[in-house]
Amino acid sequence: MPMIHHGNKRDQPLCCEVAAIDPYQIMRVKESRYRAIVSDPAELRRKFKLADDTKIILRGTAKDKPLERYWQYRRRDKVMDALLPLKVSLFIGPNFSQFLDVPRTDNLYNRKRQLLCLSELSAAGISVAPHLSATMPADWKFWSDYLSDNSEVDHVAFNFQTGYRNFKQGMIALRAIESMQQSLGRPLSLVLIGGAQYLGEASSIFDRTTLIDSAPFVKTVKRQRMVETPTGKRSWQRSRTAIGQPLDDLFVDNITQYTDWVNFQTVTGLN
């Protein structure tokens, strides 16, 4: 699932089944109010240059500043009511910071903040998926109990970009989620935010796996193209464009190549 940060430097709508968008990119503080910059599904897709039938996932994980802005204004400015008309398919919960070197109450409070946000969005009629934030073994027990109490929750997300780029640490987290699935006795659908290197293992564990990755978008903006090397591996190579030349073709090619690589990795478990 490609992460789309904006619609700049492209002329044509991107035709893809589903795409991820940062929800904090469609909300702005204007005249002291936190408002949506689009008002309906069609305008949202035009803003990000997406096809009319593209399903949209809002990836709520982000850096602290946009998260805290959302938390500050969400109730006063009824953000949930502004997001509902956009008819997105799923909102992944905000990953309020979890640290190892802070009092335990800090992390518990930030987990509670995510759950409050999810509850508010769900009450407004927006489908949500929790982001599984964990720093201690007890956190995994909490999420297992949460999913047991909320049997309607099938999709869960985990951010492999922050603190889990180390393969060993990432596998520890993956095994913890697998253990939760086993204790629940029902299949989970795992959304990996980053962490393409874990797809092979994850696809053998979970009923469904989805990767949200911004690599094709970012590499396209940096004028790089994914190519297959003579040894069968893929690498990013410089791809010059003329001044003013739109990036549509390069972006579509990168998404296609990256998707093929992801599918190969899912089947073989190789990087």
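This is a predicted model: local features need pLDDT of at least 70, side-chain atom pairs count only at pLDDT 80 or more; totals for chains, interfaces and linings use all residues.
1. Residues are numbered from 1 along each chain as its sequence is written, and side-chain values use heavy atoms, with hydrogens and water left out.

2. Let's begin with the strands. Helices (H or I, at least four residues) and strands (E, at least two) are DSSP runs, numbered from the N terminus. Two strands pair if DSSP finds at least two bridges between them. Strand S2 (residues 18-21) runs parallel to strand S1 (residues 3-4), and 2 bridges join them; here Ile-4 sits opposite Ile-21. S2 also pairs in the parallel sense with strand S5 (residues 55-59), over 4 bridges, with Ala-19 partnered by Ile-56.

3. Now look further along the chain. An open sheet is formed by 3 strands in the order S8-S9-S10, with parallel pairing. Its edge strands are S8 (155-159) and S10 (208-212), each pairing on one side only. Between S8 and S9 (residues 189-193) there are 5 bridges, and His-155 has Ser-189 as its bridge partner.

4. Helix H5 (residues 137-149) deserves a look. Which of its residues are buried (under 20% relative accessible area, with exposed over 50% and partly exposed in between; 1.4 Å probe, protein chains only)? They are Asp-139, Trp-140, Trp-143, Ser-144, Tyr-146 and Leu-147. Seen down the axis of H5, these fall within an arc of 160° (taken from the directions from the helix axis to the C-beta atoms), so they line one face of the helix. On the other side, Pro-137, Lys-141 and Asp-149 are exposed. The buried residues pack against helix H4 (104-123), S8 and helix H6 (167-184), where contact means heavy atoms within 4.5 Å.

5. Finally, the salt bridges (a side-chain nitrogen of Lys or Arg within 4 Å of a carboxyl oxygen of Asp or Glu). The count comes to 14. In one of them, Arg-104 meets Asp-139 with the closest N and O atoms 2.6 Å apart. That pair links distant parts of the chain, Arg-104 in H4 and Asp-139 in H5, 35 residues apart. Asp-139 is buried at 1% relative accessible area, whereas Arg-104 is partly exposed at 31%.

6. Compare that with Glu-178 and Arg-175, whose side chains meet at 2.9 Å, N to O. Both lie in H6, 3 residues apart, about one turn of the helix.
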